[in-house]
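Please examine the model shown below.

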Amino acid sequence: MTLNILTATRSGGQEASLFDKREDHSTNQIRAAAEQFNGKLEKDICGDTSGHYQRLLVILLQGSREEGVDEENVEKDAKDLYAAGEGKFGTDEEQFITILGNRSAEHLRKVFDAYKELCGSDIEDSVEGETTGNLENLLLAVVKCARSVPQFFAEGLYKSMRRAGTDDGTLMRIMVSRSEADMLDIRANFLFTSNDERMLLCFPHKPE
Ligand SMILES: [Ca+2]
C-alpha cells in the first residue's frame, strides 16, 4: 500500500493509483503507514491535489474510520445526505465527505438502504448527479467498497482487461496487493464480471 501511495505522489499525482489505498486496508494498517512516514504522505497528497478531493483523501489517509453501526444515526445520515445533495440547490460536498469518509462500511450499508427508502434512488446516482471529476470518482469508489471490497477489485480487474490492450499497471497492482488478502473472493466476483450482461447482475443498480 505504501508503495502505491509513494508511486502515485512521486510521479506527480497519478490520481487513479491513490484510490487503491482507500477502503481496502484495515484501519491499523493505514494508521501504521501514515505514522511511518510521519506526515510526509499527507504533505505529498496535499501538494498534488486540491479542494474537496484533497480533503477526502486526507481523511481516508488518517485511517480514523468509525467502527460498528450507530443505529440511532442511520436515518439521520441518510437525511443529511439527501439534504446535502438532491434536496438542495447546489451541493454541500463537505457533508458527503464527512459521512462517507468517516462512517464504518457496515453503518454505511444501512445508510444506503435508508437513503433508498427515503428518496427512491441509490446513493451512487446522487453522487454522480451532485459531484464531478476526481471527487465524484473517489466518492463512488468509497461507496463501492462499503458495499463490497472484493466486488470493487473484481470490477477493477475486469476494466483493466476488457478493451483491446491491457492496463498492465492496474492489473499487476491488484493482483499483487490482493493476492494474500481476498483474491479468492475477487475471483468469485470476477466470474460474474466477465461479460457486460453478467456485470449488470454483479453490480446491480438496485441491490436485492
Ligand atoms: Ca443538488
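H5 and H7 cross in a right-handed sense, where a crossing is right-handed if the near helix is turned clockwise from the far one by less than a right angle, and left-handed if anticlockwise. The two helices pack with their axes 10 Å apart and at an angle of about 20°; the axes are lines fitted to C-alpha atoms over the stretch in contact, and the angles run from 0 to 180 degrees between N-to-C directions. H5 is therefore roughly parallel to H7, given that angles under 35 degrees count as roughly parallel, over 145 as roughly antiparallel, 65 to 115 as roughly perpendicular and the rest as oblique. This is a predicted model, in which local features need pLDDT of at least 70 and side-chain atom pairs count only at pLDDT 80 or more, while totals for chains, interfaces and linings use all residues. Residues are numbered from 1 along each chain as its sequence is written.

**Helix packing**

- On the H5 side, the contact with H7 is made by His52, Arg55, Leu56, Ile59 and Leu60, and on the H7 side by Glu93, Ile97, Gly101 and Asn102; residues are in contact if their C-beta atoms, placed from the backbone, lie within 7 Å.
- The axes of H6 and H8 cross at roughly 60° and come within 8 Å, which means that H6 is oblique to H8.
- H6 passes H8 in a right-handed crossing.
- H6 contributes Val74, Glu75, Asp77, Ala78, Lys79, Leu81 and Tyr82 to this contact, and H8 contributes His107, Lys110, Val111, Ala114, Tyr115, Leu118 and Cys119.
- Helix H11 (residues 149-161) packs against helix H12 (residues 168-178) at an angle of about 150°, with the axes 9 Å apart, so H11 is roughly antiparallel to H12.
- H11 and H12 form a left-handed crossing.
- In that pair, Phe153, Gly156, Leu157, Ser160 and Met161 of H11 meet Thr170, Leu171, Ile174 and Arg178 of H12.

**Overall make-up**

- The protein chain has 14 helices and zero strands; helices (H or I, at least four residues) and strands (E, at least two) are DSSP runs, numbered from the N terminus.
- Of the 208 residues in the protein chain, 31% are buried; a residue is buried if 20 or more other C-beta atoms lie within 10 Å of its own, exposed if 12 or fewer, and partly exposed in between, with C-beta atoms placed from the backbone.
- Among contacts in the protein chain with a separation of 6 or more, 66% join residues 24 or more positions apart.

**Nonpolar cores**

- The largest nonpolar core has 29 residues, of which Leu100 and Leu139 touch the most other members; such a core is a set of buried Ala, Val, Leu, Ile, Met, Phe, Trp, Tyr and Cys residues joined through C-beta atoms within 7 Å.
- Two or more residues of this core come from each of helix H4 (40-48), helix H5 (51-62), helix H6 (71-84), helix H7 (93-102), helix H8 (105-119), helix H9 (123-130) and helix H10 (133-147).
- H10 gives the most to this core, seven residues.
- Domain 1 (2-62) and domain 2 (71-147) each supply at least three residues to this core, the domain bounds being taken from an automatic or database domain assignment.
- Leaving out residues up to four places away in sequence, Leu100 touches Leu108, Leu139, Val142 and Val143.

**Individual residues**

- Tyr53 is located in helix H5 and is buried, because 22 other C-beta atoms lie within 10 Å.
- Beyond its neighbours within four places in sequence, Tyr53 is in contact with Asn134, Leu135 and Leu138.
- Tyr53 and Glu136 are 83 residues apart in sequence, and their C-alpha atoms are 8.5 Å apart in space.
- Phe153 belongs to helix H11 and is buried, since it has 26 other C-beta atoms within 10 Å.
- Not counting residues up to four places away in sequence, Phe153 touches Ile174, Arg178 and Ile186.
- Phe153 and Arg187 are 34 residues apart along the chain, with 9.4 Å between their C-alpha atoms.
- Cys46 lies in helix H4 and counts as partly exposed, because it has 15 C-beta neighbours inside 10 Å.
- Cys46 and Leu57 are eleven residues apart in sequence and 8.9 Å apart in space, C-alpha to C-alpha.

Note on methods
Contact = placed C-beta atoms within 7 Å.
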